[in-house]
Protein chains: 2
Amino acid sequence: MTTTQIVLASRPLGMPTLDNFKFAEMELPVVGDGEVMLESMYYSIDPYMRGRMNDEKSYTPPFQVGKPITGTIVASVAESQSPFYKKGDVVVGMLPWQKKMIAPEDDLQKINVAIAPPSYFLGLLGITGLTAYFGLLDIGKPQMGETVVISGAAGAVGIVAGQIAKLLGCRVVGIAGSDKKIKLLKDEFGFDDGINYKTSPDMAKAIAVACPDGVDVYFDNVGGAISDAVISHINFYARIVLCGQIALYNSTKVPTGPRIQPMLLTRSVLMQGFIVSNYKSQFPEAIQKLEQWLSEGKLKGTETMLRGFDALPKALIGLFSGNNTGKMIVEA
Amino acid sequence: MTTTQIVLASRPLGMPTLDNFKFAEMELPVVGDGEVMLESMYYSIDPYMRGRMNDEKSYTPPFQVGKPITGTIVASVAESQSPFYKKGDVVVGMLPWQKKMIAPEDDLQKINVAIAPPSYFLGLLGITGLTAYFGLLDIGKPQMGETVVISGAAGAVGIVAGQIAKLLGCRVVGIAGSDKKIKLLKDEFGFDDGINYKTSPDMAKAIAVACPDGVDVYFDNVGGAISDAVISHINFYARIVLCGQIALYNSTKVPTGPRIQPMLLTRSVLMQGFIVSNYKSQFPEAIQKLEQWLSEGKLKGTETMLRGFDALPKALIGLFSGNNTGKMIVEA
């Protein structure tokens, strides 16, 4: 049986282009003992994947040129040689960008589609929700009444982090790249205020206006000049959660900017980078909490859904232009 | 009775000069109830004092032009109207740069000169030792076998932090500005290796050679390009203690450099600014520990001692040229 895959054709220099991806036909091996054949349903499109397109040391190994791109995927079991899975089960795992694939049973987790739409297990109830949860609660440690600023606030993680901060009684200010996104954050997701960085000529001033009491927690998905503006209003004993630096992922040289250490020093500020897998042992309790909030209507998922396998490269490239609101998903 | 004081004559732009200080005669008031008259013995000269010469918000309020410089001082009681102090007692407190002064009893702490030379209560057994202790132990959290890099390693705090890291079984690498200082760190204070940044054309390479297993804890007293080099070799889950940024204190514009957030993010690094007064409630137990290590010969104090009240401005300016090894003290 054959299927289609997408391999890394070449490493991008700066912003990725369609040329960096190549569609290829491949022969599927037979399903071995302890394996299943899967049909992809939903593909998770995440900013960290840009880093894996470079040949550099990070928390996940780089993609290999000529080998398939991998990502988190929700798939259905088409054929099973595993006692743990039967045809029709819906699973999630770190899998290759292929329409169909053979996977070992150990790489998969069954999901309960009675709880939420299957794509939510890539977003709110998946790595995205866990990232927001641990970054905000374990590093940001927001206290009732504090001001929480979120960059990339209309992105997958930002929109969850903001909702959790609201649940905790914080003043939440979101930074995003369009008036439409800002309106959505305020009207649909309960943010107290929002700043469109594309139409704010003086970001530091905009932060000052939106955060009259300064910034206690900065949940940073973006980096660069936006972060400089936020950090210029950081409070004593503030916490900066380094979750993403999407503004810098396509840099072709080392980005420079104002040195932040003097500010962090004189104001006793904590800055902490993390990846969600640091918290692996605590995933079950966090997922339980996220499911509870979702079922109580306290958290809402939101997705930008593109259709068809062919849309995958375009979807990933689009992340870096802010084409998504909430989680970027490609439906098979 | 008259005495001499040193007031801030003008705010420095960049490196302070002698013109920024003015000697003035003043009349001492009579000693009131609950007050003592003090004669200064030892003046503590500290990098943070540079920040107070600027008119800007920080963890301590700025010095006022026309008002005396203040700092930590060891003094003897010459006259007492307090039931808690008698003539001849030796005390320490945050006091004005004056030969003699009247101070309220509440601003002072008695010191036990049987334990150590009185000047040690400004260094190893004072704010300096406490700063090294809490920065290293509470933020740096070094584990046996880890590599700890200290910038400004021959400075007052650095030389204590390095000794404590050695006590904990770490590999300790010090960065300082002369071969003589490096030799001292290795021969007298047990550092495993040292780097003279003034004669190392490629600091990143020098760090790589001195830290073959990368850097687990970076105790930063200096900032600037030296820190860039250290951070380029920072390990996953490393801790960066922001204790000082002396390389930047005399900057006349906002210093720029490579953005560090991407590195901190991808390697799950923690960076934390602090000032020692955050730990005030834990001072007694820390001082007890420092005293114990000193009495057991596990920690050694070291001082650069200038003589005479007139040397005070020169001593403070000299800090920024690295004129001191260990604690900079002026003896009355």
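## Close-up views of a two-chain predicted model

**View 1. Where β14 of chain A meets β14 of chain B.** Strand β14(A) is joined by 3 bridges to strand β14 (residues 270-273) of chain B, and the two strands run antiparallel. Within this pairing, Q272(A) stands opposite L270(B) in β14(B). Two strands are said to pair if DSSP finds at least two bridges between them, while the strands (E, at least two residues) and helices (H or I, at least four residues) are themselves DSSP runs, numbered from the N terminus. This is a predicted model, in which local features need pLDDT of at least 70 and side-chain atom pairs count only at pLDDT 80 or more, whereas totals for chains, interfaces and linings use all residues. Residues are numbered from 1 along each chain as its sequence is written, and chains are lettered from A and ligands numbered from 1 in the order in which they are written.

**View 2. The contact of chain A with chain B.** In this contact, 28 residues of chain A meet 28 residues of chain B, two residues being in contact if their C-beta atoms, placed from the backbone, lie within 7 Å. On the side of chain A that touches chain B, the elements that give two or more residues are β13 (256-258), α7 (261-266) and β14 (270-273) of chain A. Helix α7(A) gives the most to that side, with 5 residues. By class, the side of chain A that touches chain B has 14 nonpolar, 12 polar and 2 charged residues, where Ala, Val, Leu, Ile, Met, Phe, Trp, Tyr, Cys and Pro count as nonpolar, Asp, Glu, Lys and Arg as charged, and the others, Gly among them, as polar.

View 3. An open sheet is formed by 12 strands in the order β10(A)-β9(A)-β8(A)-β11(A)-β12(A)-β14(A)-β14(B)-β12(B)-β11(B)-β8(B)-β9(B)-β10(B), and its pairing is mixed. The edge strands are β10 (193-196) of chain A and β10 (193-196) of chain B, each of which pairs on one side only. From one strand to the next, the twist averages 15°. In chain B, strand β8 (residues 147-151) and strand β9 (residues 171-176) pair in the parallel sense over 5 bridges, and the bridge partner of V149(B) in β9(B) is V173(B).

**View 4. Helices of chain A against the sheet.** Helix α2(A) lies across β8 (147-151), β11 (215-220), β12 (234-242) and β14 of chain A, and runs at about 145° to β12(A). Helix α6 (residues 224-231) of chain A also packs on the sheet, where it touches β8, β9 (171-176), β11 and β12 of chain A, and its direction makes about 170° with that of β8(A). Such angles run from 0 to 180 degrees between N-to-C directions, and axes are lines fitted to C-alpha atoms, for helices over the stretch in contact.

**View 5. Helix α2 with helix α3 in chain A.** Helix α2 (residues 127-140) and helix α3 (residues 156-167) of chain A pack at an angle of about 50°, with their axes 8 Å apart. The two helices α2(A) and α3(A) are therefore oblique to each other, given that angles under 35 degrees count as roughly parallel, over 145 as roughly antiparallel, 65 to 115 as roughly perpendicular and the rest as oblique. Their crossing is right-handed, a term used if the near helix is turned clockwise from the far one by less than a right angle, and left-handed if anticlockwise. In α2(A), residues including T128(A), Y133(A) and L136(A) belong to the set that meets a set in α3(A), among them V157(A), V160(A) and I164(A). The residues of this contact divide into 9 nonpolar, 4 polar and no charged.

**View 6. Helix α5 with helix α6 in chain A.** Helix α5 (residues 203-210) of chain A packs with α6(A) at an angle of about 45°, with their axes 8 Å apart. That angle makes α5(A) oblique to α6(A), and α5(A) passes α6(A) in a right-handed crossing. Here M203(A), A204(A) and I207(A) in α5(A) meet A225(A), I226(A), A229(A) and V230(A) in α6(A). By class, the residues of this contact are 7 nonpolar, no polar and no charged.
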